[in-house]
Amino acid sequence: MEPFTTLTATAAPLLRDDIDTDAIIPSREMRSPSGQGLAEGLFAGWRYKAIGSRDPNPDFVLNQPVYAGARILLTGANVGCGSSREHAVWALAQYGIRAVIAPSFNPIFRGNCIANGVVPVSLPMETVSTLASALEAAGQPELTVDLEQQLVVLPDGQQWSFDIEPEVREALMLGLDPIDLTLRYRSRIQDFRATDHDARPWIYFRNAPSA
Amino acid sequence: MKRTIFEKIWEQHRIEALPGGVDLVLIDRILLHERTGGIALRRLLDRGQPVFAPDQAFAVMDHIVDTFPGRSDKTLMPTGTEFIRMTRDAAREAGIRLFDLDDPAQGIVHVMSPELGIVLPGATLICPDSHTCSQGALGALAWGIGTSEAEHALATSALRLRRPKTMRVTVDGTLAPGVTAKDLALALLGRFGVGGGSGYVVEYAGEAVRALEMEGRLTLCNMGTEFAAFTAIIAPDGKTLEYVKGRRFAPTGAEWEKAAEQWLALASDEGAEYDVELSFDAGDVAPMITWGTSPQQVVPIDAAVPAVGEAPGQGTESAQARAREYMGLDSGTPLAGLPIDAAFIGSCTNSRISDLRRAASLLQGRKVAPGIKAICVPGSTSVKRQAEAEGLHEVFQAAGFEWRESGCSMCFFAGGESFGPQDRVVSSTNRNFESRQGPGTRTHLASPETVAASAIAGRIADPRRIAS
Ligand code: SF4
């Protein structure tokens with residue numbers, strides 16, 4: 001996973017509430033079983049003029065020239081609700097999005113962001129609106145997400161701090177793979193399972209706890 | 001210290017408290033389906049990582065498989081065959097038990113798992129699917145995760161988690177005749193909103209919840225994800241034990257006795273504290289139907305589409321305006337009487353045998369209105385067989401319903417089969433998002449009874465009127 005410390009990049013405002021994962025990546029766009037090739041399908045229902053077409057809808061924010069190459073996305077509340085498909089985050093990441101700024105995140109979607117190195121930045125709605133207005137007014141809509149300092153900064157120096165759990169911040173900053181981290185506890189997990197086997201044998205069927 | 005059921009299960013599964021307030025939690029059951037689970041397995045195997053406890057993981061074909069009779073690996077979803085085959089191969093390679101599309105135990109993952117006793121009270125269960133919360137109905141801690149977390153659980157039998165908060169929703173009173181668990185789930189979303197459960201394990205309690213049979217409890221917990229909850233759970237009781245006993249993967253003999261005792265002790269202690277408590281009176285619930293494109297945009301079936309500013313809990317004014325436009329409805333339009341194009345009974349919310357029996361009792365001796373496409377998709381192959389043994393399939397077919405093989409089917413559109421643009425569909429499913437059931441399709445969520453009644457009338461109809 002690519003580590004994230006600080007990123008200054010084009011930021012696109014899409015301030016709808018309840019943007020669900022099917023809007024982020026419609027099910028019909030999840031064609032490859034490998035989970036690759038999703039960038040083109042990102043927001044397909046809004047981004048293109050007709051279902052199945054690739055004819056850009058000029059009104060959609062990511063199709064506007066000033067937002068070309070956006071790497072930061074601002075949204076309304078409850079972003080990523082609906083289906084748990086991780087493809088939504090893969091599509092964002094494959095498109096190039098490294099941070100999503102929103103008043104609130106669906107919990108599964110947020111976990112998927114973290115697992116894929118996309119920084120979930122939670123800020124109050126007023127702040128997100130202020131940022132969006134600043135971006136819309138700017139000739140070059142840029143901002144900085146500084147994960148190390150936990151700050152979002154506008155080019156004029158205005159800044160807001162955000163909360164993020166320390167271990168999430170660390171994992172994102174180091175680009176750590178959570179599986180490797182947990183496998184450090186392998187023998188602890190095995191011991192725990194062995195004890196649990198006596199308390200709840202039905203969980204383990206006929207087999208002994210696997211080594 | 002008085003503890004909630006959630007706290008009891010959590011503490012029993014906490015392997016280690018990790019730095020930063022995160023717990024390493026033991027995972028007892030992993031369920032995978034061919035839409036998202038095959039990918040998790042493939043990615044894991046490709047990095048050379050074996051599955052930690054393959055005998056505790058199960059895979060099933062439900063999302064992409066066709067539901068037409070005589071199905072095979074071929075499916076209408078473009079590239080769907082690749083998903084099916086990849087999942088089959090990966091399950092074989094990983095040594096995971098697979099319920100393939102021709103297995104008599106095949107079914108929608110959240111329907112077949114309780115049927116087989118894969119989910120058990122007090123267990124932790126995960127599946128890369130948001131409706132995994134359904135299975136909390138048995139008193140398990142069951143929740144949906146993403147693909148990366150599924151890989152993590154497969155590789156380690158554990159997950160790193162921050163402990164969610166607790167909420168109890170107490171539903172007292174009695175549901176009126178003709179009013180079901182689905183109506184209750186929708187009414188709760190209408191009252192408390194689609195963000196209401198965010199960050200919480202939501203425990204459903206109270207006399208109306210205890211009065212529900214297991215299948216109704218599964219329906220209620222199913223829509224926990226629509227409430228944005230971490231998951232939903234109901235404490236095990238005598239009904240739960242009766243339901244689990246004798247199922248294929250349930251304990252037997254002396255182990256059963258021991259398990260049953262442990263499970264009953266999981267119920268939240270009297271006086272245990274919750275971060276949030278909500279209450280609701282079941283007597284206030286009517287048959288419900290959604291009018292918009294979010295499950296919280298819901299009203300009693302004899303009501304009208306709310307006017308601007310009339311339903312502040314149902315989304316912002318702009319979201320509501322957008323929903324009215326998408327649904328082709330003006331505020332003030334009564335829901336009952338709206339002409340429909342299609343009716344769908346199926347999905348992990350409402351496709352169990354009791355759902356089919358109730359719908360069939362309304363359809364008995366009646367016919368679907370001309371021109372209405374009506375489909376019934378049993379939630380599992382065993383539900384289908386049971387229904388056929390009872391002759392329900394003949395009732396559905398004689399009424400004019402298609403009778404399908406089990407699967408997710410037209411609960412969601414993945415590029416395959418769909419309802420048409422702007423088709424108005426009354427559906428026993430759980431999501432009415434834009435284009436969920438087909439590009440531009442307009443979905444109204446309701447109980448199977450309401451779907452059946454509407455199919456007969458050719459319009460949105462109150463099932464209580466037909467029943468009488
Ligand atoms: S029936 Fe629908 S909601 Fe349930 S698991 Fe299948 S696609 Fe998801």
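Biologist: Which residue forms a salt bridge with A:E40?

Modeller: First, this is a predicted model, where local features need pLDDT of at least 70 and side-chain atom pairs count only at pLDDT 80 or more, while totals for chains, interfaces and linings use all residues. Residues are numbered from 1 along each chain as its sequence is written, chains are lettered from A and ligands numbered from 1 in the order in which they are written, and side-chain values use heavy atoms, leaving out hydrogens and water. A salt bridge is a side-chain nitrogen of Lys or Arg within 4 Å of a carboxyl oxygen of Asp or Glu. For A:E40 the closest N and O atoms are 2.5 Å apart, and the partner is A:R54.

Biologist: How many residues apart in sequence are the parts that this pair ties together?

Modeller: Helices (H or I, at least four residues) and strands (E, at least two) are DSSP runs, numbered from the N terminus. A:E40 sits in the loop between helix 1 (21-24) and helix 2 (44-47) of chain A, and A:R54 in the loop between helix 2 and strand 2 of chain A, so the parts tied together are 14 residues apart.

Biologist: What is the strand order in the open sheet of 7 strands in chain A?

Modeller: Two strands pair if DSSP finds at least two bridges between them. Here the pairing is mixed. Strand 4 (119-122) and strand 7 (159-161) of chain A each have a single partner strand, so they stand at the edges. The order is 4-3-2-1-5-6-7.

Biologist: Which residue is the bridge partner of A:L74 in strand 3 of chain A?

Modeller: Strand 2 (residues 72-75) and strand 3 (residues 99-102) of chain A pair in the parallel sense over 3 bridges. In strand 3 of chain A, the partner of A:L74 is A:I101.

Biologist: Over to chain B: what order do the 3 strands of its open sheet take?

Modeller: The pairing is antiparallel, with strand 2 and strand 8 of chain B joined over 5 bridges. Strand 1 and strand 8 of chain B are the edge strands, each pairing on one side only. That gives the order 1-2-8.

Biologist: What is the area buried between chain B and chain A?

Modeller: Contact means heavy atoms within 4.5 Å, and it takes 70 residues from chain B and 53 residues from chain A. Buried area is the accessible area (1.4 Å probe) that two parts lose on being put together, summed over both. Carbon and sulfur atoms give 57% of it, and the total is about 5200 Å².

Biologist: Which residue of chain A forms a salt bridge with B:D28?

Modeller: Between chain B and chain A the count is 4 salt bridges. In the one formed by B:D28, the closest N and O atoms are 2.9 Å apart, and the partner is A:R200.

Biologist: And which helix gives the largest share of the side of chain B that touches chain A?

Modeller: Several elements give two or more residues to that side, including helix 3 (80-94), helix 5 (147-156) and helix 10 (253-264) of chain B. The largest share is 6 residues, and it comes from helix 5 of chain B.
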